[in-house]
Amino acid sequence: MVETTMVETRMADQSIAETFASPKTGVSQRDVVRFCLMLIVLAALVALPFAARALDAANLTTLATRIVIFAIAAASLNLALGVGGMVSFGHAAFFGIGGYVVGILYQHFVSDEPLFGFISGTNQLIITAAAAILVSGLAAALFGALSLRTSGVQFIMITLAFAQMLFFLFVSLKAYGGDDGLIVRRRNVLFGLDTRDDATFYFICLAVAVAFFALLHRIMRSRFGLVLGGIRQNERRMASIGIPTYSYQLAAFVISGMGCGLAGALMANFARFVSPDMLHWMQSGELMIMVILGGAGTLFGPALGAALWIILETSLAAWTEHWQFVLGPVIILIILFFRGGLQGILTMIRGIAHG
Amino acid sequence: MAEALLSIDGLVKRFGGLIASDHVSLDVNAGEVHALIGPNGAGKTTLISQLMGELAPDAGTIRLGGADIAGMSTAARAHQGLARTFQITQLLDEYSSLDNVALAVQARGGHSFRFWSDARRSEPLRKTALAHLTQAGLAARTEVRAANLAHGERKQLELAVALAAAPRMLLLDEPMAGLGIADSQQMIDILRGLKGKLAMLLVEHDMDAVFALADRISVLVYGRVIASGDPESIRANAEVRTAYLGEEE
């Protein structure tokens with residue numbers, strides 16, 4: 001556990017390009033600083049529900065849970081978008097599929113009628129989450145296999161089209177609530193934990209996120225990750241050194257879809273509700289904004305982006321109903337003036353601090 | 001007589017009304033340097049792109065080591081031992097020189113569906129890549145991002161990447177283009193050091209380089225091979241002199 005945190009820390013706030021340009025040898029002072037910073041952030045995240053309870057601000061915990069879940073989804077999209085350069089405008093499809101897997105399995109669990117006549121429903125989080133990952137991965141394999149035959153604007157449009165197709169499919173699926181969505185009356189159970197308790201559920205999400213980010217960290221530095229980054233930079237070059245680029249892009253697209261499916265499964269449990277809105281193109285757009293806002297291609301950028309987006313959305317919505325009027329310019333300013341997003345701002349501040 | 005390593009027969013490529021390759025037939029023997037010269041727009045780069053599988057020819061066959069490679073993807077051809085350099089450098093600009101070369105070493109060593117261990121800490125990959133960089137004269141620039149390299153260095157890196165793919169047949173698309181006299185000479189020396197170790201198809205405008213390196217020369221004009229032979233006979237060929245060499249001297 002400590003080891004995983006340590007490797008994560010090295011990556012902590014460093015742009016991917018910077019990492020790729022300077023391989024690490026041994027442990028430098030910067031690594032130690034990152035390690036400490038990472039521990040502090042993790043400690044703060046662990047302490048958060050207790051602080052919320054002490055301050056009598058329970059909604060702080062639920063806000064943090066939403067951030068953690070969207071951080072997983074955004075980081076997952078980032079693998080395709082930021083690292084692999086595949087601008088998918090349809091990743092909400094996988095997020096929504098993850099949610100519906102939980103919702104549908106729960107409905108069959110309650111009604112005790114097997115799905116398709118042979119799959120019995122369940123409310124075990126381990127099983128529903130695994131099923132969500134599997135089904136969204138299959139969908140990503142199908143969508144990706146077809147979409148990756150194109151590139152550029154066509155790719156953006158075709159991923160959008162696939163996601164909207166699924167959106168309308170779920171809108172018309174009356175058996176599973178159609179337009180109104182599906183209510184999951186009780187959260188899935190996990191071992192003996194009381195998932196109905198918001199703090200407990202927050203810790204489950206946090207643990208999943210830590211494991212997921214550790215995995216992404218490894219992937220981004222692996223042979224696969226380097227190949228993926230190479231394809232983003234110059235596909236022609238990669239082909240000419242013997243890399244069948246399509247296969248690697250497709251694999252990354254599938255992993256990316258699976259991560260979004262996992263986030264969707266957590267979201268369905270958190271909100272105890274799934275609806276076609278989870279698959280809507282606006283949801284895809286929000287995920288993209290989180291990635292770009294935080295810093296595409298970086299490990300923690302998308303998490304920062306998710307945090308900023310949700311905090312701004314929540315606080316501005318409490319202040320005025322025209323919150324988008326304020327949020328829009330903020331995003332435009334960040335994107336215009338800080339090319340690396342929030343991650344870029346942090347790197348810049350560190351640069352200034354170090355002279 | 002043994003079959004040539006690379007043999008092209010009757011290759012045709014049309015872009016609308018323009019014929020970029022007009023029944024091109026030529027071959028390159030193992031270990032031989034075969035230079036391809038001709039005026040701009042003669043179809044030299046188009047020919048290399050067809051050999052590498054980036055462009056599909058309209059007709060004709062391409063054989064490498066006796067096997068027909070016409071239907072293969074670019075990546076598959078690379079695994080058959082074909083490599084190219086680009087006239088306009090195609091590098092991974094965000095990666096260091098060493099990363100650029102290490103990826104080629106990695107690509108040749110089997111699939112890259114390895115998700116866990118840090119590729120930059122792989123000693124064998126790094127060592128081999130460093131050897132190729134040293135050979136190309138870039139030993140002092142290993143950690144510099146490709147984007148920050150000078151033009152001559154980028155040309156050298158192109159060559160290092162192509163060599164790291166361990167080709168038996170190397171397609172060189174104007175490796176001296178845009179190089180100063182010193183850089184040009186260095187590139188010629190590096191290529192001369194490779195002579196005999198692998199076959200090369202050298203597309204080049206620098207006649208000093210061509211006559212210093214080539215065992216055989218073919219002249220391409222308007223997509224057609226108008227002459228082919230050893231350097232002396234090409235130098236003496238009247239048709240070549242009017243079509244091409246004359247304007248140089």
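Which residue takes a positive phi in the hairpin of E9(B) and E10(B)? I looked this up before anything else.

**Ground rules.** I noted that this is a predicted model, in which local features need pLDDT of at least 70 and side-chain atom pairs count only at pLDDT 80 or more, while totals for chains, interfaces and linings use all residues. Residues are numbered from 1 along each chain as its sequence is written, and chains are lettered from A and ligands numbered from 1 in the order in which they are written.

**The hairpin.** I found that Tyr222(B) takes the positive phi, near 45°, and that 2 residues lie between the strands. Strands here are DSSP runs of E with at least two residues, helices are runs of H or I with at least four, and both are numbered from the N terminus. E9 (residues 216-221) and E10 (residues 224-229) of chain B pair in the antiparallel sense over 5 bridges; pairing requires at least two bridges found by DSSP. I also checked Leu220(B), which stands opposite Val225(B) in E10(B).

**Chain B as a whole.** I listed 9 helices and 10 strands in chain B. Its C-alpha atoms fill a box of roughly 60 × 40 × 40 Å along the principal axes. The radius of gyration of chain B is 18 Å, which agrees with the value near 18 Å for a compact globule of 249 residues. That radius is taken over C-alpha atoms, and the globule rule is 2.2 Å times the number of residues to the power 0.38. Buried residues make up 47% of the 249 in chain B; buried means 20 or more other C-beta atoms within 10 Å of the residue's own, with C-beta atoms placed from the backbone.

**Two domains.** I took the bounds from an automatic or database domain assignment. Domain 1 of chain B covers 1-81 + 167-249, and domain 2 covers 91-165. Their centres, over C-alpha atoms, are 26 Å apart. The contact takes 11 residues from domain 1 of chain B and 8 residues from domain 2 of chain B, where contact means C-beta atoms, placed from the backbone, within 7 Å. On the domain 1 side, helix H6 (residues 181-194) of chain B gives the most, with 4 residues.

**The other chain.** I then turned to chain A: 33 residues of chain B are in contact with 25 residues of chain A. On the chain B side, helix H2 (74-79) and helix H3 (97-108) each supply at least two residues. The largest share, 6 residues, comes from H3(B).

Key:
Contact = placed C-beta atoms within 7 Å. Buried ≥ 20, exposed ≤ 12 C-beta atoms within 10 Å, placed from the backbone.
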